[in-house]
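Student: Hi! I'm new to this one and would like a friendly walk through it. Could you show it to me first?

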Amino acid sequence: MHCMVPGDAKDRLAQLRKGTLQYCVLAALREDERYAFDLVRSLGETPGIVVSEGTVYPLLSRLRRSGLVETTWRESTTGPPRRYYRLTPEGRAALESFTDEWRAFRATVDDVLGVRD
Amino acid sequence: MSDDKLAKEYLRRIEREMSRLPGPRRRELREEIAEHLATARAENPRDPSAVRNAIERLGDPADIAAEARAGLDYQDDPRDWRDTAALALLLVGGIVLPLVGWIVGVVLLWRSSVWSTRDKLLGTLVVPGGLALPLYLELTVTLGSRTCTSSQRSIDAPFVESCTGTGATALQQIGFVGLVIVLTLASAATVVTLARRR
């Protein structure tokens, strides 16, 4: 039996996060458009999702370039104009299909691992 | 340290970590993070540590830059030999192949996707012709006292006067040398600036 080195767990979690993070971002925009600071802050506050808030910005710009989200500028009463993010139809579709895939995948893995809720 | 200094310091670290990213992406990311910090302060005007907290939560600039690099496709990062060629031609193209060499450099500059329009204007206008311009001036313009000699080809031919120099004053000569130096330095500085902004 070997000892689990903390580094291994961290790496595994990082790998798991990598695949799902963009869908978590899309999901955060499911209900409504949100401005960048608010979106990034709330993702940072969800435990285990985002390690450093700054890394969300490159991800947002990738999502923008892939056409899954779009941005608009709105004037704000407190301070500079804000950049608002919202899902595009493609983004919404991608989120929905991933959600289905994830449900099926999670059920399978739970089964295989023998996880009982 | 004041909020402004903290923000500027953090943004400087961000830029340094992201120096290998293509220009447009690097600028976009820097702008978004600057906005983030500005919003942090605007939303909590009474909290003196709002910016410091925001910076801590944003995290290590190295991680952010790594994340940004992770998303690069090679097609998105077209920093290739053409960009280096553009800079080389802008600088010395006019010397190697007068006029044409520099023009090719300008064409490559404008066709590249790596520089902003403002940078491209800078590269074109400062200095037109690159180093060829001050070199040309230096070689063709002879200031200095005007000396004229009269000569005749033969005893019955009319006198012909030929003069060299423009009779410039010492001040004008110094000014001219200064101009040549300034043009040389400006041309070199522009190319260096563009090289760093790729």
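Predicted model: local features only at pLDDT ≥ 70, side-chain atom pairs only at ≥ 80, totals over all residues.

Student: Great. How many residues of chain A are in contact with chain B?

Tutor: On the chain A side there are 22 residues, and they are in contact with 24 residues of chain B. Between them the two chains bury about 2000 Å², with 51% of that on carbon and sulfur atoms.

Student: And how many salt bridges are there between chain A and chain B?

Tutor: The count between the two chains is 9 salt bridges. Over all chains, the structure holds 20. There are also 12 residue pairs in polar contact between chain A and chain B, counting pairs with both residues at pLDDT 80 or more.

Student: Which parts of chain A supply the side that touches chain B?

Tutor: Helix α2 (36-45), helix α3 (56-65) and strand β3 (82-87) of chain A each supply at least two residues. The largest share, 6 residues, comes from α3(A).

Student: What kinds of residues are they, nonpolar, polar or charged?

Tutor: That side of chain A divides into 8 nonpolar, 6 polar and 8 charged residues.

Student: Let's look at some pairs. What does A:R82 form with B:E43?

Tutor: A:R82 and B:E43 form a salt bridge, and their closest N and O atoms are 2.7 Å apart.

Student: What about A:R62, which residue does its side chain meet in a salt bridge?

Tutor: A:R62 meets B:E67, at 2.6 Å from N to O. This pair crosses between chains, running from helix α3 of chain A to helix α4 (residues 61-70) of chain B.

Student: Now something inside a single chain. Which residue does A:R41 pair with?

Tutor: A:R41 forms a salt bridge with A:E53, and the closest N and O atoms are 3.3 Å apart. The pair links distant parts of the chain: A:R41 sits in helix α2 of chain A, while A:E53 is in the loop between α2 and α3, 12 residues apart.

Student: Which residues do salt bridges that share partners join into one network?

Tutor: The network takes in A:R64, A:R83, B:E28, B:E31, B:E32 and B:E35.

Student: Where is A:R64 found, and what is it in contact with?

Tutor: A:R64 is in helix α3 of chain A. Leaving aside neighbours within four places in sequence, A:R64 is in contact with A:V69, A:T71, A:R83, A:Y85, B:E28 and B:E32. The side chains of A:R64 and A:Y85 are also joined by a polar contact of 2.8 Å.

Terms used. Residues numbered from 1 in each chain as written. Chains lettered and ligands numbered in written order. Heavy atoms only, no water. Contact = heavy atoms within 4.5 Å. Buried area = accessible area lost by both parts, 1.4 Å probe. Salt bridge = Lys/Arg side-chain N within 4 Å of Asp/Glu carboxyl O. Polar contact = N/O pair within 3.5 Å; in protein donor to acceptor, adjacent residues only side chain to side chain. Helix = DSSP H or I, 4+ residues; strand = E, 2+ residues; numbered from the N terminus. Nonpolar A, V, L, I, M, F, W, Y, C, P; charged D, E, K, R; others polar.
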